[in-house]
Amino acid sequence: MHRSQRVAAAGRLVPFVLSLLPAAPLAAQLPEPAAEVQQLAPLVGNWTGSGTMTAAAGQVTKWRAAGTWRWAFGGHFVREDVEIRFDGLEQPLVMRGYLGWDRERQQHAHLFVGSTGEVQLLPLHVEGGRFVSFSTQLVDGVPQAQRALLALDGERLRQSLTVLLPDGKTIGAIDGDWT
């Protein structure tokens with residue numbers, strides 16, 4: 001199909017789709033953000049972070065990061081954009097995520113993607129300024145369980161990531177602060 005044919009087809013599709021909409025304004029039908037989303041408000045802003053990452057073999061690497069968390073989709077979600085630079089690595093790790101309230105499952109959720117090709121949708125436990133998620137994944141073919149924690153401490157966020165390996169070993173993989 002040539003470009004002109006696609007444009008003509010799209011031109012016929014738009015009136016058809018609009019005819020399917022009810023007579024009432026669409027905005028009147030969209031739900032307001034869930035009240036639970038307001039528990040994420042302390043994250044909104046620009047943050048800088050630094051800390052250490054410990055690999056399974058025990059080597060420690062320093063990291064520094066910058067991130068922005070802002071309201072998105074009419075206040076239904078908080079969008080996070082983060083860039084993390086590790087000492088010794090040329091390219092940064094870049095991530096984008098959305099934190100919000102999953103109306104269907106009645107729980108907070110965290111969806112994120114990263115420049116490593118990773119995609120995760122995780123339940124997020126939010127209570128008293130603490131944001132906790134649990135996940136399982138394969139890292140270099142080895143299964144592991146992870147607990148990620150962000151905890152408000154005055155004007156800073158304390159971050160940790162704890163990893164449980166199949167042999168029972170536990171690693172404090174990420175340790176840092178955001179201000």
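Predicted model: local features only at pLDDT ≥ 70, side-chain atom pairs only at ≥ 80, totals over all residues.
**View 1. Ten strands close into a barrel.** Going around the barrel, the order is β1-β2-β3-β4-β5-β6-β7-β8-β9-β10, with antiparallel pairing. On average, neighbouring strands of this sheet are turned by 25 degrees against each other, direction ignored.

**View 2. Strands β7 and β8 run antiparallel, side by side in the pairing.** Here you can follow 10 bridges between β7 (residues 130-139) and β8 (residues 142-153). For a handy landmark, look for Ser 133, which stands opposite Ala 148 in β8.

**View 3. The largest nonpolar core holds 26 residues.** Leu 40, Leu 43, Trp 63, Trp 69, Phe 131 and Trp 178 touch the most other members. Strands that each supply at least two residues of this core include β2 (60-72), β6 (119-127) and β10 (170-178). Centre on Leu 43 and, leaving aside neighbours within four places in sequence, you will find Trp 69, Leu 99, Phe 131, Leu 150 and Leu 157 in contact with Leu 43.

View 4. Arg 158 meets Asp 175 in a salt bridge (2.5 Å, N to O), and because Asp 175 lies in β10 and Arg 158 in β9, the pair ties together parts 17 residues apart in sequence. Asp 177 also forms a salt bridge with Arg 158, at 3.2 Å between the closest N and O atoms. Through shared partners, Asp 153, Arg 156, Arg 158, Asp 175 and Asp 177 join into one network. Arg 158 counts as partly exposed, at 30% relative accessibility.

Key
Residues numbered from 1 in each chain as written. Heavy atoms only, no water. Core = buried A, V, L, I, M, F, W, Y, C linked by side-chain atoms within 4.5 Å. Buried < 20%, exposed > 50% of the residue type's maximum accessible area, 1.4 Å probe, protein only. Helix = DSSP H or I, 4+ residues; strand = E, 2+ residues; numbered from the N terminus. Contact = heavy atoms within 4.5 Å. Pairing = 2+ DSSP bridges. Axes fitted to C-alpha atoms, helices over the stretch in contact; angles between N-to-C directions. Salt bridge = Lys/Arg side-chain N within 4 Å of Asp/Glu carboxyl O.
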